[in-house]
Amino acid sequence: MELLKNIMITAFIAVFAENTIFSRALGTSTLIIVARNRKNLAGFGFSVTYITAVISVLTYFADKALNANETGYIYTPLVYIAILGAVYVITLLCLWRFAPVIFGRMKKYIHISAFNCAVLGSMFLISKYCVTLADYFIHGLGIGLGFVLAVYLTAIVYDRIYSEKAPYAFRGYPLMLIYIGILSMAFWGLSGHTLNY
Amino acid sequence: MTGDNSCKSIIKNALLNKNPIFVSGMVIAPVIVLANNLNDAITLVTAFSLLTFFTLLVSSFIPKSIVYTIRIIIYTLIGALVYVPLAILLRYLMPEGVEALGIFFPLFITSSFIISRSESIFFRESKGKMLLDIVFCIIGYDAAVLLFAVIREILATGTAGGNIIGMPIVFSAFEKPFGGFILLGFIAALFRSILLLIKKIRNTNT
């Protein structure tokens, strides 16, 4: 029961209270690109969640080795990129060999779902906040799902934001930032902050 | 003549028409979270400029014959390798500033700037134009970040570069990430309006 409670809390924090986009703006540039095409949303969401979940487990073992070394923090990005690259290549090879149809669909956006600030940032965040392997995995999975939630919330208004009805100065990118800002404010409130009067 | 024109358009695009921050929305995460004041913004642009310039410079030697799947890993690995001496150097020169950058410093390695610029220009342009593009894109980014940070600092804390300027009212919410998103949205809209106005004036004159 205690374990289930901890899992729920960790997942809630990762998806809502510390959503990578709305609390730290990680992967905002990627979000703006991906939100353009709603057709790829499910595939993109699946690949981001899969990558963050898998790399979170590998990050746990990498951190054990890096923390044992005094100057390990300098090489942390190099090790994380190597992990990310290995997961990316192995995933592509497995898909190409065993699921060529899915490979054909996913090859267009798997690189953008692997090499972005949200994914690399998730490795640094879980490394900072998590202790056990289960924590790493749940947090990694939650970060992926939180990113997907952010992309979905942005994609549903994409047409309106880029509509000709919007004033030219605000149309598209500026309005997108203001919209994400308003969502970010709502998520910020969700984590229990109060205003100072 | 054509060369001059295209060099001019590279500079114009990098600084104005396709400004990485105000128009294209590249590498905005550290700006939203960290560019709260001029001092933090200076550390941010120093780290970004050095890491991006050297990573893109080394990446330009990667041949196109290597498949994209591998190329993208090589770009990020180069970034991670450039990060090592740079992190040591900046920790020595500005330890507090680098500490304040936190996880955003290593995240420049996978920035959309490095991934997109390395693919979009290296295989189409000459080395000279490529260098010009990189330098002016970085200058465009840095100028936008510094401008944004100054406006944000004035609005959020009533100071400029740490000096009190006596603002009658301050909006401390602009220091938060959501405030950063909203303020950047408004500045991007203002920037677009100014570009449009300049274009209109030019058209009227001609």
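Mentor: Before we start on this predicted model, note that a nonpolar core is a set of buried Ala, Val, Leu, Ile, Met, Phe, Trp, Tyr and Cys residues joined through C-beta atoms within 7 Å.

Trainee: Which residues touch the most other members of the largest nonpolar core?

Mentor: The largest nonpolar core holds 108 residues. Those that touch the most other members come from both chains, and they are Leu84(A), Ile28(B), Ala29(B), Leu44(B), Val145(B) and Leu184(B).

Trainee: Leaving aside neighbours within four places in sequence, which residues is Leu184(B) in contact with?

Mentor: Leu184(B) is itself one of the residues that touch the most other members of that core. Once its neighbours within four places in sequence are set aside, its contacts include Leu177(A) from the other chain, and the remaining ones, in chain B, are Ile28(B), Val31(B), Ile32(B) and Phe148(B).

Trainee: How many residues does each chain give to the contact, and which elements of chain A give two or more?

Mentor: Chain A gives 38 residues to the contact and chain B gives 37. On the side of chain A that touches chain B, 26 residues are nonpolar, 11 are polar and one is charged. The elements of chain A that give two or more residues to that side are helix 2, helix 3, helix 5, helix 8 and helix 11.

Trainee: Why is helix 11 of chain A described as roughly antiparallel to helix 9 of chain B?

Mentor: The axes of these two helices come within 7 Å, and they cross at roughly 165°. Angles over 145 degrees count as roughly antiparallel, so helix 11 of chain A and helix 9 of chain B are roughly antiparallel.

Trainee: How do the residues of that contact between helix 11 of chain A and helix 9 of chain B divide by class?

Mentor: Among the residues that meet there are Leu177(A), Gly181(A) and Trp188(A) in helix 11 of chain A, and Phe181(B), Leu184(B) and Arg192(B) in helix 9 of chain B. The helices pass each other in a left-handed crossing, and the residues of their contact divide into 15 nonpolar, three polar and one charged.

Trainee: Is Phe187(A) buried or exposed?

Mentor: Phe187(A) lies in helix 11 of chain A, and, leaving aside its neighbours within four places in sequence, this residue is in contact with Phe16(A), Asn19(A), Phe22(A) and Ser23(A). A residue needs 20 or more other C-beta atoms within 10 Å to be buried. Phe187(A) has 22 such neighbours inside 10 Å, and therefore counts as buried.

Note on methods: Residues are numbered from 1 along each chain as its sequence is written. Chains are lettered from A and ligands numbered from 1 in the order in which they are written. This is a predicted model: local features need pLDDT of at least 70, side-chain atom pairs count only at pLDDT 80 or more; totals for chains, interfaces and linings use all residues. Two residues are in contact if their C-beta atoms, placed from the backbone, lie within 7 Å. Helices (H or I, at least four residues) and strands (E, at least two) are DSSP runs, numbered from the N terminus. Ala, Val, Leu, Ile, Met, Phe, Trp, Tyr, Cys and Pro count as nonpolar, Asp, Glu, Lys and Arg as charged, and the others, Gly among them, as polar. A residue is buried if 20 or more other C-beta atoms lie within 10 Å of its own, exposed if 12 or fewer, and partly exposed in between; C-beta atoms are placed from the backbone. Axes are lines fitted to C-alpha atoms, for helices over the stretch in contact, and angles run from 0 to 180 degrees between N-to-C directions. Angles under 35 degrees count as roughly parallel, over 145 as roughly antiparallel, 65 to 115 as roughly perpendicular and the rest as oblique. A crossing is left-handed if the near helix is turned anticlockwise from the far one by less than a right angle, and right-handed if clockwise.
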